Amino acid sequence: MEGCAKLVVVTMVVVGLALVADGQKVCGMNKEGFQACQPSVSTVNPNPPPPSAPCCLALNDADLKCLCFFKNSKWMSDYGVDFNRAKDLPVKCNLGKSFAC
């Protein structure tokens, strides 16, 4: 179940950056929330920072199961999102949320 939660987070970041540019929310997260999580899931940095407080706050309000829809999306690689890092965010944020995709 933790694997799905992490997958959802990665998907949120990728899809969020693409779709919330006009102020819309995707799975309960806005553009700022996705941007706050981006440094922690980036494929560019070999040692990404832990999720920031704004990232965790955004994840707390997110519909993580909704993000399962995007788990195999090409957008993740297009936006440089590491799936494994993204799926770890809810745990790193101590959200206590678990779900299955």
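Is cysteine 55 buried or exposed? Cysteine 55 is buried, with a relative accessible area of 0% (buried means under 20%, exposed over 50%, partly exposed in between, with a 1.4 Å probe and protein chains only). Before the views, note that this is a predicted model, where local features need pLDDT of at least 70, side-chain atom pairs count only at pLDDT 80 or more, and totals for chains, interfaces and linings use all residues. Residues are numbered from 1 along each chain as its sequence is written, and side-chain values use heavy atoms, leaving out hydrogens and water.

**View A. The disulfide of cysteine 37 and cysteine 55.** The S to S distance is 2.0 Å (a disulfide is a pair of cysteine sulfur atoms within 2.5 Å). This link is right-handed, with 100 degrees about the S-S bond. It ties helix α2 to helix α3 (residues 53-61), joining cysteines 18 residues apart (helices are DSSP runs of H or I, at least four residues, numbered from the N terminus). Cysteine 37 is also buried, at 0%.

**View B. The disulfide of cysteine 56 and cysteine 93.** Here the sulfurs lie 1.9 Å apart. The torsion about the S-S bond is about -75 degrees, so this disulfide is left-handed. Cysteine 56 and cysteine 93 are both buried.

**View C. Asparagine 94, in the segment after α5.** Its phi is near 55 degrees, a positive value in a residue other than glycine. Most residues other than glycine have a negative phi. Asparagine 94 is exposed, with a relative accessible area of 70%.

Key
Helices (H or I, at least four residues) and strands (E, at least two) are DSSP runs, numbered from the N terminus.
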